[in-house]
Amino acid sequence: WLKFWEWSKLYGPIYQMEIFGSVHVIANDLLSKRGTIYSDRPTIPNLPDNRTSRDYLALLGRTKTWKRQRKVSHQVMSRPTVESLYNYLSVECKRLPYQMSKDPSNYISHIEQYTSRTISRLSWGAPHFADELRIGTIGLLVTISPSGAVPNIVSWLLHLPTWLSPWQQVENARHAREGKFFRHCYESVKSAIANGIAAPSYIKVFLEEKEKRKHEMRDEEGQYIVGMMAIAGALTIGSPPQSYILAMCHYPEWQEK
């Protein structure tokens, strides 16, 4: 950002540059001071429908789909409906110290298990979905990351036909596996509800709110809303404690302070 600041003094508050065929517009004043008007999600070259597809809540642009999904997400996660989910954190908190005491050098995996199991319980009421959730999360992160799929850096590769693009083939397979996983989670919770043994979860609230006619969202879209919420919380929130543990290993004197 220091270089961006330097260039802004040279070229003005709004300027553009081209990187591997992609034009990047730097508009610090518009985004920092008037972000509510001008900020939005960018299009991801290796996932070109991210701003419009109902399958990517966290990556949507300011569209009608985003507004609809945001409203339902708020219903699902509102305080009165999720108070029964508070104990999930304490359950997984007991497991994490035990694993750390047994194999502290593997702390990265332990924390990833903790976060993915917790969000799995919150989303679908059970921890056993966590392993597949971690695989799916890593796959999506590779798809959207500049350091993952090459078309995100070399944008003209996006125009290759699928049969010639290994990145698009991988993405298509990932998306198909993700959809199958979300359907499995949904059907598992729906079956548990029918049998009267469903644990509290976001998808359970989604179905209950739909039954009360508080929303009319299709089940397929609801599966992806809850699934994207799970992906958002599966690994990324584990980064701060992982960074803290690593820092304390290198600089233990700061722990005393």
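Is Phe181 buried or exposed, and what is its relative accessible area? Phe181 is buried, with a relative accessible area of 9%; buried means under 20%, exposed over 50% and partly exposed in between, with a 1.4 Å probe and protein chains only.

The model is predicted, so local features need pLDDT of at least 70 and side-chain atom pairs count only at pLDDT 80 or more, while totals for chains, interfaces and linings use all residues. Residues are numbered from 1 along each chain as its sequence is written, and side-chain values use heavy atoms, with hydrogens and water left out.

**View 1. Helix H9, residues 166-194.** Helices are DSSP runs of H or I with at least four residues, strands are runs of E with at least two, and both are numbered from the N terminus. H9 has 29 residues and reaches 42 Å from its first C-alpha to its last. That is close to the expected 42 Å, the expected span being 1.5 Å times one less than the number of residues. Buried residues of H9 include Gln168, Glu171, Arg174, Phe182 and Tyr186. Among the elements covering the buried residues are helix H7 (107-124), helix H8 (130-144), helix H10 (202-211) and helix H11 (219-234), where contact means heavy atoms within 4.5 Å. Just after H9, Gly196 has a positive phi of about 75°.

View 2. Rings of Phe, Tyr and Trp (its six-membered ring) pair if their centres lie within 6.5 Å; planes under 30 degrees apart count as stacked, over 60 as edge-to-face and the rest as tilted. The count by this rule is nine aromatic pairs. One of them, Phe4 with Trp7, is tilted, at 6.3 Å centre to centre and 45° between the planes. Phe4 counts as partly exposed because its relative accessibility is 31%, and Trp7 counts as partly exposed at 28%.

**View 3. Aromatic pair of Trp124 and Phe181.** This pair is edge-to-face, with 5.5 Å centre to centre and 75° between the planes. It links distant parts of the chain, Trp124 in helix H7 and Phe181 in helix H9, 57 residues apart. Trp124 counts as buried because its relative accessibility is 4%. Ring pairs link Trp124, Phe129, Phe181, Phe182 and Tyr224 into a cluster.

**View 4. Hairpin of strands E1 and E2.** E1 (residues 14-19) and E2 (residues 22-27) run antiparallel and are joined by six bridges; two strands pair if DSSP finds at least two bridges between them. Ile14 has Ala27 in E2 as its bridge partner. Two residues lie between the strands, and Phe20 takes a positive phi near 50°.
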